[in-house]
Amino acid sequence: MLQKSESSLYIIGAGFAGQMIAQDILRKKIFGRVAAFLDDDKDLIGTKIEGIPVLGPIASIAPVIKCGPLDEAIIAIPSAQTEKIREIYENLKKGGFAHIRILPSVSQIVDGKAHFVQTREIDPLDILGRTPIIIPLHESLQYLRGKRVMITGAGGSIGSELARQLLSGGAERLYLFGHGENSIVQIYRELIVLQNEGVGEKATVVPIIGDMKDREYVRYIVEKTRVDVIFHCAAYKHVPMMEENPVAVIENNVFGTRNLLESSVEFGVSKFVLISTDKAVSPVSIYGVSKMLCEKLVLQFAKKADTKKSQAFMFVRFGNVLGSRGSILPLFQSQIKNGGPVTVTDKEMERFFMTIPEACSLVLETGGVGENGRSYLLDMGEPIKIYDMAEQIIKFSGLEPGKDIEIKIIGAREGERNYEPLWLDEENPQKTEYEKILILKNLEMDDGELNPLLEKLEPICFFDSKKKEEFRDKEKLISILRKAVPSLDEFYELTKDKTQAKRIASSSEKITL
């Protein structure tokens, strides 16, 4: 963090959020000097708030502020539309601000408070796409008050954001379960800092390093923690890499999920929420198949749930999230930093996008209102072309597409298609009374089909001395999955020839297979 002793801070927005941040800075006296508020409210412009002048309008004053190299602007308007944030950002850049921070909207939504520690450097996701909806999380998290909550994959993009928001849910304990020690320690330390700065409530945060593929360990953890609610985010998810490691993705995603579900039923977990993906719809990759099977497992185990004790198992499916690790946003930023080119699979490729905080807020809300054995889908809005997004991110970086940074079309990777459908026609998504949460018609896999399929896959993923020749046989695993999943088989048939594969995956046609 920059040394603030020599910096002047300009807070954009003199409303309650901006005032709370100013009070936080004045109280702690370590972040710098608040030089002024910038606001558009005619009744506030020309006045002072706690001795701090209010200047404006923003569009007029921001470009003419003579800021120094250490000065910062903090955008503290949590309810602002994306278009407004983009306009403010452009005016601040005209004013020469090299450091621009923003208070994400969720900071206001969760507990009605704002702290300087919750601000972060602005990035493209703040000015791209649609404006996230406002969700009163303080109300929708009431079902977690006094509960023991576990997040699997807590070090990942979705898991870590769920953890941040859950700080204000009133949970008794928050278990951060993950396989990678570095990512778990990072989110654990961040949560402790947030708590020490007054963010959220005093839940006990417990990091747990473990492997969900280990059935007995999972049983032990679920039993000993007496966990009430599980948000299951953990998964191997990088499509091209998983195409190279198909046994690993089935072993981890499918059997790891089954282990969690078995233990959840056995030890009375009240709510189990699986995070699913659009790639589970008519899957054309091994990763997509693994998530489809996870959805089917949730529906299967929901039948075993003790509804008299209010057990509820469900899944929530959505598309891409902006800014997740391995997503195109950090990839594009890295490519721009290195001078380009920015690589895009195809000019017609498009994806549905949502910000991570919005997706997580909706997942948490669904966990509270969702019913046992139900399939839910987040309304992602309209799809965005990846090429258009690349252009916007280059412009965000102060450069010109095609002149300063080249955009290079590289063709499809394995397991990729131009368009990812969010649902099958048969699933017939319907609106619920909750904005952006849709309910799907369940498409279950009969136990007589699902269980034998898993029995065939198990000796490939886990060593069995009676079937040792099958262990890690990825060709057999792929063969089994192709027979079980028509969309995967059809895609593999079409893409035997790599030249043809690139043509098909980069076709402008919307492949729904």
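Me: Which residues does Val-281 touch, not counting residues up to four places away in sequence?
Reply: Quick caveats: this is a predicted model, where local features need pLDDT of at least 70 and side-chain atom pairs count only at pLDDT 80 or more, while totals for chains, interfaces and linings use all residues. Residues are numbered from 1 along each chain as its sequence is written, and side-chain values use heavy atoms, with hydrogens and water left out. Taking contact as heavy atoms within 4.5 Å, Val-281 touches Arg-317, Arg-417, Pro-421, Leu-422, Trp-423 and Leu-424.

Me: Is Val-281 buried or exposed?
Reply: Val-281 lies in the loop between strand S12 (271-277) and helix H11 (286-302); helices (H or I, at least four residues) and strands (E, at least two) are DSSP runs, numbered from the N terminus. Buried means under 20% relative accessible area, exposed over 50%, partly exposed in between (1.4 Å probe, protein chains only). At 2% relative accessibility, Val-281 is therefore buried.

Me: How many Å apart in space are Val-281 and Leu-422, C-alpha to C-alpha?
Reply: In sequence, 141 residues separate Val-281 from Leu-422. In space, their C-alpha to C-alpha separation is 6.5 Å.

Me: What percentage of the chain's residues count as buried?
Reply: The chain has 18 helices and 22 strands. Its C-alpha atoms fill a box of roughly 80 × 55 × 40 Å along the principal axes. Of its 513 residues, the share counted as buried is 55%.
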